[in-house]
Amino acid sequence: QIGLSARHGDRDPASVGYDYPAITTGQGFELWKPAYTDSLGRFVHVLPSGSQNAIGGELRTRLSEFALQGEVYYVANNTREAVDGFQLTNTERLGQIHGLGWYLQLSGWLLGDSFVAPDPGMNRPRRLDTRAEGEGRPRRGLELIAIMSGINANYTGATRKGATADPLTPAADITVYELGLAAQYWHTKHVRFAVNYIVYDTPDSGDRTRNQAVVPANLPPTSTTAATPGHLLHELGARLALSF
């Protein structure tokens, strides 16, 4: 399977008062937050404004009991910054976020039936069941998955139309890498249990001039405690899913 897609949109500053989407982990921790406190102590929001553009491609191929798939896309979205409470009435400056997002995933069925669920986006046609009595048991199997992904982007808050930056206005890369392993048991195509372990790496985090992404180690627990230069976040998750 090969897919290509592109998207263009426009956001009116007089009507859009919501923040630009944050970059979060699978369990919800915000690696990059579209907001900051400026040099005057004001809470500043980053909002989508003007043209929003994205283009990407994907590939999926199967070989025996294994499937390899990946996706890469490039975004170039214009932004604006506004002080909290004045998102729809004032704009402090205009900027842009741009960069690449990508992933590569390998999965394999090691026990039981393979490919219990159909390929993404594929609907299997109805067919006459000619199996003998007793052969119609539900398909079930164990799937193992390995994934590698990343975000290589940049956000600069003051780049357009002569915008003037605050001393604390962000202007640096946003770099995140992800490595993960997962196992999921499909009891039927409607019932599955999954467990996954993910490591997120934000190189040079803790220094906002080099990487705006953060992990918990970069967040001081109290106002008098200094942040540490750690750059790894480990997450362990489990899921029981019922789908029809």
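How do the residues of the lining of the largest pocket divide into nonpolar, polar and charged? In this predicted model, for which local features need pLDDT of at least 70 and side-chain atom pairs count only at pLDDT 80 or more, totals for chains, interfaces and linings use all residues. Residues are numbered from 1 along each chain as its sequence is written, and side-chain values use heavy atoms, with hydrogens and water left out.

**The largest pocket**

The lining divides into 16 nonpolar, nine polar and seven charged residues, where Ala, Val, Leu, Ile, Met, Phe, Trp, Tyr, Cys and Pro count as nonpolar, Asp, Glu, Lys and Arg as charged, and the others, Gly among them, as polar. A pocket is here an open set of points on a 1 Å grid over the protein atoms alone, at which a 1.4 Å probe fits and which has protein on both sides within 12 Å along at least five of seven lines, and its lining residues have an atom within 4 Å of a point. The volume of the largest pocket is about 720 Å³, a volume being the space filled by probe spheres set on the points, with grid points joined across faces, edges and corners. Its lining comprises 32 residues, and I145, A182, Q184, R192 and R239 lie nearest the centre. Two or more lining residues come from each of β6, β7, β8 (141-156), β9 (171-186), β10 (191-201) and β11 (232-242); the strands are DSSP runs (E, at least two residues), numbered from the N terminus. The most is given by β9, with six residues.

**Strand pairing**

Two strands pair if DSSP finds at least two bridges between them. By that rule β6 and β7 pair in the antiparallel sense over 16 bridges, and L68 has L106 in β7 as its bridge partner. The pairing of β7 with β8 is also antiparallel and runs over 16 bridges, with G108 standing opposite L144 in β8. In a regular strand the side chains alternate between the two faces of the sheet.

**Aromatic pairs**

A pair of aromatic rings is described by the distance of the centres and the angle of the planes. Rings of Phe, Tyr and Trp (its six-membered ring) pair if their centres lie within 6.5 Å, and planes under 30 degrees apart count as stacked, over 60 as edge-to-face and the rest as tilted. Four aromatic pairs are found in a search of the whole structure. One of them joins W109 and F115, whose ring centres are 5.9 Å apart and whose planes stand at 50°, so the pair is tilted. W109 has a relative accessibility of 6% and counts as buried, as does F115 at 5% (buried means under 20% relative accessible area, exposed over 50% and partly exposed in between, with a 1.4 Å probe and protein chains only). The rings of W109 and W186 also form a tilted pair, because their centres are 6.4 Å apart and their planes lie at 45°. Since W109 lies in strand β7 and W186 in strand β9, this pair ties together parts that are 77 residues apart in sequence. Both W109 and W186 are buried. Elsewhere, Y20, W32 and Y155 form one aromatic cluster.

**Salt bridges**

Side chains of opposite charge can pair when their charged atoms come close. With a salt bridge taken as a side-chain nitrogen of Lys or Arg within 4 Å of a carboxyl oxygen of Asp or Glu, the count comes to five. The table gives the N to O distance for some of them, including the bridge between E92 and R42.

| Salt bridge | Closest N and O atoms |
|---|---|
| E30 and K33 | 3.7 Å |
| R210 and D204 | 3.5 Å |

R210 is partly exposed at 48% relative accessibility, and D204 is partly exposed at 39%. Salt bridges that share partners join D38, R42 and E92 into one network. E30 is partly exposed, with a relative accessible area of 33%, and K33 is partly exposed with 47%. E92 is partly exposed at 32% relative accessibility, and R42 is partly exposed with a relative accessible area of 27%.

**The loop between β6 and β7**

G85 lies in the loop between β6 and β7 and counts as exposed, at 60% relative accessibility. Its C-alpha atom is separated by 9.3 Å from that of V44, and G85 and V44 are 41 residues apart along the chain.

Terms used: Helix = DSSP H or I, 4+ residues; strand = E, 2+ residues; numbered from the N terminus.
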